[in-house]
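Subject: Structure handover, charged side chains

Hello,

Please find the structure below. My notes on its charged side chains follow.

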There are 2 protein chains.
Amino acid sequence: MIAEKMKGMVANSSAIRAMFEEGNRLAGIYGAENVYDFSLGNPNIPAPKSVKEAMISILNEEDPITVHGYTNSNAGYADVRKAVAENLNKRFQTNFTGNNIIMTVGAAGGLNVILKTLLNPGDEVIVFAPYFGEYRSYVSNFDGVLVEISPDTETFQPKMEEFEQKITAKTKAVIVNNPNNPTGVVYSEETIKRLAAVMEQKQKEFGTDIYLISDEPYRELVYGNVEVPFLTKYYDNTVIGYSFSKSLSLPGERIGYLVIPDEAKDSADILSAANVANRILGFVNAPTLQQKAVARCLDEKADIAFYDRNREALYNGLLEAGFSCIKPQGAFYLFVKAPTEDEKEFCGRAKNYNILMVPGSSFGCPGFVRLAYCVSHETILRSLPKFKELAKEYGL
Amino acid sequence: MIAEKMKGMVANSSAIRAMFEEGNRLAGIYGAENVYDFSLGNPNIPAPKSVKEAMISILNEEDPITVHGYTNSNAGYADVRKAVAENLNKRFQTNFTGNNIIMTVGAAGGLNVILKTLLNPGDEVIVFAPYFGEYRSYVSNFDGVLVEISPDTETFQPKMEEFEQKITAKTKAVIVNNPNNPTGVVYSEETIKRLAAVMEQKQKEFGTDIYLISDEPYRELVYGNVEVPFLTKYYDNTVIGYSFSKSLSLPGERIGYLVIPDEAKDSADILSAANVANRILGFVNAPTLQQKAVARCLDEKADIAFYDRNREALYNGLLEAGFSCIKPQGAFYLFVKAPTEDEKEFCGRAKNYNILMVPGSSFGCPGFVRLAYCVSHETILRSLPKFKELAKEYGL
């Protein structure tokens with residue numbers, strides 16, 4: 001009895017579910033400490049202490065009718081939106097006001113809101129492989145057509161020529177994810193400038209508006225001195241989707257925001273429509289206690305040093321074992337080249353060593369696997385000898 | 001540049017926005033205490049103290065990585081789902097397990113999840129006027145066709161004959177809202193039995209499955225000894241959408257659940273698909289701290305006596321002024337007959353007395369207006385002389 005559109009999605013989801021259950025099964029047999037589950041992007045460092053303190057102080061000190069009530073606007077509390085705008089202005093020399101901000105149910109909620117706002121059935125949305133597989137579903141929710149740009153498996157920066165060729169009069173949006181899930185690569189300023197130039201030129205050529213949707217849940221998770229360009233400064237028709245899931249380790253609380261700058265074409269209409277979309281998609285407003293909590297913690301972030309230590313240990317260990325992968329500059333993923341063409345076979349064989357990874361096909365990039373290193377450091381250290389054994393099977 | 005489908009919705013939403021701004025404008029001129037804003041269903045009694053205590057204790061005592069993390073299943077924490085199921089079993093002599101429960105982003109989130117799960121484009125969804133206007137948008141989100149049953153303006157119970165006539169082979173679902181927004185009427189056990197019998201008979205006639213979706217955010221808000229029938233006991237293909245928004249005064253926190261009983265046809269498939277829908281619509285999971293908090297407060301509810309006092313005062317006051325309306329048995333709305341055919345004219349004239357109400361057209365029932373009495377008791381008392389003056393204008 002379920003909707004036709006859901007059937008394929010359920011089958012696909014069962015595969016993820018099966019992997020999760022496999023992890024539980026293995027943990028039951030070998031003990032949880034001997035299972036190396038790199039499949040999930042669920043942060044394993046706690047939210048900063050200030051987040052808990054903010055929540056408790058709000059609960060103790062503010063009026064519960066306001067704290068837990070519907071917000072006057074579906075976009076969220078005016079003071080929270082203002083605080084977010086001012087924090088962005090301070091950090092990125094932008095000129096937003098609270099009116100440019102819509103608080104959302106995480107970045108996933110925000111992306112659905114902006115796609116509902118923009119897409120007519122048949123509109124094309126371009127993504128650069130490898131890309132977060134959920135974009136397929138989000139675009140499909142509104143009967144958009146996903147157009148993939150094939151991966152540059154050397155640099156994992158977008159392939160500009162193919163991008164130029166695949167933009168059509170029907171292209172309504174381009175989604176980028178920076179830093180990138182699943183590669184951990186950060187699109188450089190040079191990449192962004194070229195991307196913007198291509199889009200400007202195509203807008204002129206087709207007489208259309210093409211929105212650049214930047215999905216940024218990993219913005220704060222960068223290592224060393226890497227800079228993540230702030231895209232509204234490079235291209236007017238930019239919409240940013242942000243989440244506090246990773247920066248404050250609050251993924252389950254579903255709190256993030258959209259930035260819709262005044263420079264975007266028809267900005268006022270888009271803001272009104274996004275407000276309505278937030279309501280009618282059933283979000284209504286972002287969870288209110290969490291809105292107030294994050295507004296007090298805009299300069300906080302989770303302990304990046306923890307992820308960095310994992311990154312170094314896993315990256316070096318994998319290289320030592322003979323695998324090859326690009327060194328991530330951000331996020332908490334490693335995208336490893338499978339030592340055989342069929343990366344699903346590789347994932348299957350890794351399971352014999354209690355290693356769980358996600359096939360690159362899920363990200364539009366077969367031949368690779370994703371490892372999420374948001375696990376305990378001990379898990380990484382204990383997994384390394386297993387990776388060595390696995391590598392030997394492939395003669396690495 | 002916004003999507004065609006959004007354009008009408010934005011226009012409609014602007015009307016609500018305009019009303020809200022009118023309230024602010026009037027408050028600016030006359031003082032907030034002299035504006036009688038009955039337009040919003042935003043509870044004005046605080047969450048029970050135990051809810052705050054539960055949140056603080058969870059924050060202080062539980063592991064933040066778990067409290068704020070993604071839940072293993074998109075349906076929510078297993079222990080929370082089990083607690084909800086057991087609480088329902090205790091109260092309604094049902095036999096649910098945690099597997100029958102999906103925690104959702106309020107009832108609005110839950111309704112979108114179940115409609116995404118069930119509807120193919122063109123599928124018909126029946127609603128009984130007057131009905132919560134958002135159903136239009138929710139059904140439209142998945143390209144369903146809303147079919148209205150005209151109101152019985154004497155009893156506001158569903159018109160059974162028209163219902164029977166309007167069920168077709170394309171009818172996929174029927175939505176009821178009990179207690180009802182905007183009338184406050186509770187559909188009686190007799191109504192429910194007749195409704196179920198009609199649906200059983202039509203399922204046989206067409207060889208189809210027709211799901212009864214029961215939207216129950218007001219379940220706990222009933223006055224006196226009124227019983228709200230628990231619909232899974234009357235009809236197998238029932239799905240319940242619940243919200244803690246009103247029962248625990250937590251509307252902004254976006255926490256509720258779906259009940260999908262084993263008796264429903266293809267129950268296992270529907271549960272899997274609803275899980276996936278929860279994820280891909282961008283909810284991902286219901287906010288996690290709130291899941292844990294409500295699980296500790298399943299036997300609590302907001303102070304109904306407060307609403308009851310408002311109900312009596314406003315109902316009696318309106319009758320005394322010469323208006324007529326059905327006495328609500330639940331929720332916090334009064335649905336008043338407009339003294340003129342064009343209820344929008346009536347709403348407009350009420351504004352001259354600083355009284356804000358919502359036209360019945362928004363609920364598919366012109367000629368009536370909705371008053372939300374979830375306001376302070378003083379607002380009600382102060383509004384009564386104004387209603388008397390307003391009534392006089394119409395010669396009541």
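A patch of negative charge on the surface brings together A:Glu200, A:Asp236, A:Asp262 and A:Glu263. Patches here are made of residues with over 30% relative accessible area and no salt bridge, with like charges joined within 9 Å. Asp and Glu count as negative, Lys and Arg as positive, while His and the chain ends are not counted. The place of a charge is taken as CG of Asp, CD of Glu, NZ of Lys or CZ of Arg. Accessible areas come from the Shrake-Rupley method with a 1.4 Å probe, and for residues only the protein chains shown count as cover.

Helices (H or I, at least four residues) and strands (E, at least two) are DSSP runs, numbered from the N terminus. A:Asp262 has a relative accessible area of 52% and is therefore exposed (exposed means over 50%, buried under 20%, partly exposed in between).

The model is predicted: local features need pLDDT of at least 70, side-chain atom pairs count only at pLDDT 80 or more, and totals for chains, interfaces and linings use all residues. Residues are numbered from 1 along each chain as its sequence is written, chains are lettered from A and ligands numbered from 1 in the order in which they are written, and side-chain values use heavy atoms, leaving out hydrogens and water.

A:Glu86 is partly exposed at 42% relative accessible area, and A:Lys82 is partly exposed at 48%.

Another salt bridge pairs A:Asp123 with A:Lys172 at 3.6 Å, N to O. A:Asp123 is in the loop between helix H5 (106–118) and strand E3 (124–128) of chain A, and A:Lys172 is in strand E5 (residues 171–177) of chain A, so the pair ties together parts 49 residues apart in sequence. A:Asp123 is buried at 13% relative accessible area, and A:Lys172 is buried at 8%.

In chain B, B:Lys172 and B:Asp123 form a salt bridge with their closest N and O atoms 3.6 Å apart, and both residues are buried.

Regards

Notes
Patches are made of residues with over 30% relative accessible area and no salt bridge: like charges are joined within 9 Å, nonpolar side chains (Val, Leu, Ile, Met, Phe, Trp, Tyr) within 5 Å. A salt bridge is a side-chain nitrogen of Lys or Arg within 4 Å of a carboxyl oxygen of Asp or Glu. Buried means under 20% relative accessible area, exposed over 50%, partly exposed in between (1.4 Å probe, protein chains only).
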